[in-house]
Amino acid sequence: MIGQFYYCLGCTCTENVELLVSFPPFSPVFSFLCLPLQTVQTHKPHFLAVHCQEVGGKNYEASMSHVDSFVNTTEPRVYLDENYKSQEHFTALGSFYFIHDSLKNVHQFDFKAKKFKKVVGKETYSETLESTPSLEKEKFPQDYFPEVGNKVFFHPSAFDLVNIHLFHDASNLVAWEKSPSVYSGTRQKALGYVLDRITDQRHEKLPYFVFGDFNFRLDSKQVIESLCSTATLQTVRAADTNEVDKLIFRESDNDRKVVLQLEKKLFNYVNQDVFRENNGTSLLEYDKELSVFKDRLHELEISFPPSYPYSEDSSQGKQYMNTRCPAWCDRILLSPSARDLALKPENEEKSIVYDNIGPNVCMGDHKPVFLSFRITAGAGKPNANKHKCCVVQ
């Protein structure tokens with residue numbers, strides 16, 4: 001396993017530049033690359049920025065060698081955090097950048113020299129990311145979530161491309177306790193920290209794209225109350241601790257049929273179709289975590305089903321696992337200036353696409369999502385001509 005999933009941003013250059021943002025999971029034999037590659041072929045991107053979380057997969061000690069094998073078959077600029085023996089600094093994040101030959105005079109920001117430098121050839125960094133000048137790497141402060149210390153973001157340039165992996169819901173039972181959940185508050189604090197860092201006074205402000213696993217969840221208490229509005233609740237407590245062990249919601253009649261059983265890592269709802277019908281969009285009213293940042297982050301309209309948690313059974317491409325309430329965890333978000341670039345009046349509506357990949361095929365527990373749109377070459381950089389950034393020749 002190379003990684004749980006990845007995110008990529010790409011651009012196709014004719015007279016303009018088309019951006020493609022996508023994120024599918026890797027598999028040990030790369031079979032899950034087929035559909036994402038078909039999407040890439042459709043949009044013919046000339047620039048791809050691939051952002052990985054959980055590099056090496058969940059068992060990175062045994063699988064990191066597969067990452068190196070993949071890197072050796074590609075021609076990108078690569079930044080991989082593979083040093084899992086250093087838990088103080090290990091993040092399990094990685095970024096790949098692929099540049100088409102037709103893109104000339106591409107420049108990348110050097111954070112130490114504080115200027116753009118021309119991109120030349122293939123480069124791979126894996127052991128010295130802390131001292132690598134062409135990206136910023138940070139860990140969240142430990143007091144954000146003491147149990148999880150390996151969620152970070154990368155901050156490359158010339159457009160700011162932010163690779164992010166926020167904290168998950170550790171327990172369905174805790175998430176149910178109040179609205180919004182304690183986990184939602186932790187993610188809000190962490191995302192605010194990221195946005196403050198990438199918009200501070202250290203560097204020139206640029207349009208930025210934040211894409212990754214935000215772990216955004218539906219408001220558990222509200223969505224469960226809606227799904228089980230006519231059900232009665234049974235609380236089961238552990239015999240030794242008297243703590244809540246499970247919640248069982250039963251119909252009042254119909255032989256008291258179980259509608260939902262909720263445990264720490266179980267969300268067993270009687271009718272998964274509610275998350276698929278009309279792409280689950282009736283549940284978007286409970287998707288509230290982004291609303292806190294409505295003045296700082298924007299998203300195109302969601303028209304695809306929740307991206308997580310899909311079954312990892314290769315024969316169950318549309319089935320959700322009964323572990324978590326399905327949610328749109330995987331997102332592509334834009335700063336106001338990045339949104340303005342994507343939604344320029346001269347852009348044809350059909351050139352802007354925000355969708356998933358492989359809706360009927362097993363792609364791992366996260367379903368790939370991509371954003372495609374067109375921008376003018378060199379756009380987004382006030383001094384693009386000065387820096388000759390992303391000029392097509």
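The structure holds eight aromatic pairs. Rings of Phe, Tyr and Trp (its six-membered ring) pair if their centres lie within 6.5 Å; planes under 30 degrees apart count as stacked, over 60 as edge-to-face and the rest as tilted. Here are two of the pairs:

| Aromatic pair | Centre to centre | Angle between planes | Type |
|---|---|---|---|
| Phe-109 and Phe-116 | 5.2 Å | 70 degrees | edge-to-face |
| Tyr-269 and Phe-275 | 6.3 Å | 75 degrees | edge-to-face |

Before going on, a word on the source: this is a predicted model, in which local features need pLDDT of at least 70, side-chain atom pairs count only at pLDDT 80 or more, and totals for chains, interfaces and linings use all residues. Residues are numbered from 1 along each chain as its sequence is written, and side-chain values use heavy atoms, with hydrogens and water left out.

Phe-109 counts as buried because its relative accessibility is 12%, and Phe-116 is buried with a relative accessible area of 11%. Tyr-269 and Phe-275 are buried too. These two also belong to one aromatic cluster with Tyr-310 and Tyr-320.

How many disulfides does the structure hold? The number is zero, where a disulfide is a pair of cysteine sulfur atoms within 2.5 Å. For Cys-329, the nearest cysteine sulfur belongs to Cys-325 and is 9.6 Å away. Cys-329 is buried, at 0% relative accessibility, and Cys-362 is buried at 5%.

Now for a helix. Helices (H or I, at least four residues) and strands (E, at least two) are DSSP runs, numbered from the N terminus. Helix α4 covers residues 182-198, and its 17 residues reach 25 Å from first C-alpha to last, close to the expected 24 Å. That expected span is 1.5 Å times one less than the number of residues. Buried residues in α4 include Tyr-183, Arg-187 and Leu-191.

Asp-200 has its place in the loop between α4 and β13 (208-213). Asp-200 counts as buried because its relative accessible area is 19%.

Terms used
Buried means under 20% relative accessible area, exposed over 50%, partly exposed in between (1.4 Å probe, protein chains only).
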